[in-house]
Structures are given as structure tokens and as C-alpha cells.
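Subject: Handover of a structure

Dear colleague,

Please find below the sequence and structure that I am handing over to you. My notes on what was found follow directly after them.

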Amino acid sequence: MPSLDLDTDPLYEIATRSLVRPSDALFWDDRLFTTHGAILHWCELGDDILEESNYRTALDRIRAAADSGRPDAEVSDAHVIDASARHFAFGSLRTIYVQVREDADPCKTCAEGQEADAYWVFTFKSGREVVFCDGCRDEFDELGLSYEPRIPAYTAAFTEAAEILTALAGYPVLDESDYSEREWNAYQETLTEAVEHAQKDYWDDSDQEAQEIAERYLNDYSAMHRTEWIRAEDVNWAVVAKEYAGHRDSYFTELANAHLNAPIAGQPIAA
Ligand SMILES: [Zn+2]
């Protein structure tokens with residue numbers, strides 16, 4: 001590895017950390033922790049909505065950055081890996097890996113070698129550059145030519161990823177509207193589940209009756225789901241059962257009254 005003064009490079013620390021290979025997992029892809037660094041994780045089977053929102057938002061942004069200004073190719077396919085791995089502690093772990101630096105050009109002298117961190121460059125007086133690999137240094141040394149280490153530029157995907165990590169260090173939500181939409185959807189799903197559970201006590205209600213009672217309950221602005229709860233974890237199934245039962249009682253009472261007050265066929269309607 002060529003020694004460079006990289007202290008002034010704000011991306012260097014993030015790049016270095018992202019390329020540290022953890023000891024506790026198996027990897028099937030030799031790009032991981034060599035050219036591609038780990039940026040963000042998400043325990044897919046967990047129910048952490050913020051973690052999911054940040055992961056999906058980051059993935060979209062990093063892919064878009066990789067492809068931006070490159071209409072000819074989907075660079076994100078090579079530069080961004082959305083990996084899913086079994087993990088002993090987390091079950092299923094999704095990880096975004098991002099290629100840290102651009103691919104190095106092949107060595108101009110031997111036309112071999114792809115190690116991005118072992119390249120050198122000799123610059124002619126005219127400004128023309130010759131990039132060559134570690135194995136070809138002897139030829140330049142014998143000629144007494146001096147040359148510099150050459151490290152390829154950071155990829156657009158990695159620059160975006162570093163920006164995202166920096167933002168997350170300061171504030172935990174990448175996209176407020178994505179996060180609150182996911183939270184709202186999870187809340188609605190849990191509430192629906194709780195209603196369906198409450199309906200199981202009334203198995204002889206028809207589908208139409210059950211649906212109409214549920215609509216009354218869900219449109220009740222004095223119910224807990226409108227006054228108190230905002231997140232999935234707020235939903236109390238016992239309260240849902242109790243409030244649903246109340247709406248069911250009034251529904252059937254109204255139905256019975258309507259039936260009693262209905263005109264009877266063949267009889268004149270009382271004036
Ligand atoms: Zn070479």
C-alpha cells in the first residue's frame with residue numbers, strides 16, 4: 001500500500017472503517033471488504049421501522065448517485081451490493097456494500113494487475129502519465145525515474161454513502177416523510193389485525209355486518225385509535241375488543257329498532 005498523507009481526507013476514515021472485515025460472519029463474495037466496504041445494516045426480520053426506512057432510503061440514494069450522469073451503464077449494479085446474509089445473532093442481516101474507489105486502469109507496462117491500492121504513476125514533462133503496477137516498479141527504478149503512488153478516486157456511490165453516514169451521525173432519520181409513512185402503515189396494519197381478532201368472538205355475524213361495524217369503529221373519532229394511539233406498539237388489543245363490542249351493540253340495537261319501526265307489508269302506514 002503506497003503511503004499517502006491522507007489525514008486531510010475526510011472520506012479516508014469512513015473508507016477505512018467500512019473495509020474492516022468482521023470476524024464473525026462468512027462471506028461468499030471476494031469483493032466484500034476488499035473493494036467494497038460495508039455501509040449500513042438492517043435486521044430484516046426485526047420490526048425496527050426507522051432502521052428499514054433509513055436502509056431503503058440510503059440504498060435508493062446511493063444507487064442514484066452511482067448512476068447519475070452515466071446514461072450508458074447501470075454502474076450501481078457493480079458499485080452497490082444489497083446483500084442478505086444469515087447471521088448468528090440477527091437472523092437475517094441486510095447490508096449495503098459500496099465500491100470505495102474507481103477501478104484502476106490495467107498496468108500500462110505489463111497490462112496486468114487489478115489491485116487498486118498498488119499503482120504508481122510516472123509523469124512526463126509534457127504532463128502525460130504512465131500508470132504501472134507494483135511488479136513493474138523495477139523497470140522505472142533501473143531508469144532512475146521517480147514516480148508517485150496513484151490511488152483511484154472515490155466512487156460517486158461511496159461519496160454519497162459517506163455523506164449519508166455523516167448525516168446519520170448527526171440526526172437518526174434520513175427521510176422524515178418515508179419514515180412517518182412506514183410508521184403509519186404499520187400502525188394501520190396492527191389496528192386492522194386487532195379488529196380482526198376482536199371479530200373472532202362474533203363468528204355468526206355476517207361478513208357485511210362485521211364490515212359495517214368495523215367501519216363505524218374505525219371512523220369513531222372518540223375511540224382510542226383516534227385520540228391516543230399513533231404507532232403500532234400503542235395498539236392495545238383488549239381496548240380494541242372492548243370498543244368494537246360497544247359499536248357492535250349499538251349497531252344491532254339500531255338494526256332492531258329500524259326493523260320494529262318498519263311498516264308491515266299489507267298494512268296502511270299510520271298517519
Ligand atoms: Zn505491471
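Of the protein's 271 residues, 37% count as buried, a word used here for a relative accessible area under 20%, with exposed meaning over 50% and partly exposed in between (1.4 Å probe, protein chains only). The protein has nine helices and six strands; these are DSSP runs, helices being H or I with at least four residues and strands E with at least two, numbered from the N terminus. Taking contacts between residues at least 6 apart in sequence, 61% join residues at least 24 apart, where contact means heavy atoms within 4.5 Å.

Two remarks on the basis of these values are in order. This is a predicted model, in which local features need pLDDT of at least 70 and side-chain atom pairs count only at pLDDT 80 or more, while totals for chains, interfaces and linings use all residues. Residues are numbered from 1 along each chain as its sequence is written, and side-chain values use heavy atoms, with hydrogens and water left out.

The zinc site

The zinc ion has as its protein donors the SG atoms of Cys 107, Cys 110, Cys 133 and Cys 136, at 2.2 to 2.3 Å. Donors are N, O and S atoms within 2.8 Å of the metal (3.2 Å for Na, K and Ca); water is not among the atoms, so sites may look incomplete. Along the sequence, the donor residues follow the spacing C-x2-C-x22-C-x2-C. The arrangement is tetrahedral because the four donor atoms subtend angles of 106 to 114 degrees around the zinc ion; four donors count as tetrahedral if all angles lie between 85 and 135 degrees. For comparison, the ideal angle for four tetrahedral donors is 109.5 degrees.

Cys 110, at 29%, is partly exposed. The number of disulfides is zero, a disulfide being a pair of cysteine sulfur atoms within 2.5 Å.

Helices H1 and H5

Helix H1 (residues 10–18) packs against helix H5 (residues 156–170) at an angle of about 95 degrees, and their axes are 10 Å apart. H1 is therefore roughly perpendicular to H5, a description that applies to angles of 65 to 115 degrees, whereas those under 35 count as roughly parallel, those over 145 as roughly antiparallel and the rest as oblique. Axes are lines fitted to C-alpha atoms, for helices over the stretch in contact, and angles run from 0 to 180 degrees between N-to-C directions. On the H1 side, Leu 11, Ile 14, Ala 15 and Ser 18 meet Phe 158, Thr 159, Ala 162, Leu 165 and Thr 166 of H5.

The loop between H1 and E1

Pro 22 lies in the loop between H1 and strand E1 (36–43), and Phe 33 is found in that loop too. Pro 22 is partly exposed, with 34% relative accessibility, whereas Phe 33 is buried, with 10%. Although Phe 33 is not a glycine, its phi is positive, at about 70 degrees.

Arg 61 belongs to helix H2 (residues 49–67) and is partly exposed, at 31%. Beyond its neighbours within four places in sequence, Arg 61 is in contact with Glu 160, Ile 164 and Leu 174. The C-alpha atoms of Arg 61 and Ile 164 are separated by 8.8 Å, although the two are 103 residues apart along the chain.

Gln 188 sits in helix H6 (residues 176–199) and is partly exposed, at 28% relative accessibility. Gln 188 and Ala 232 are 44 residues apart in sequence, and 7.4 Å apart from C-alpha to C-alpha.

With kind regards

Technical notes: Tetrahedral: all angles 85-135°; square planar, octahedral: opposite > 155°, others 65-115°.
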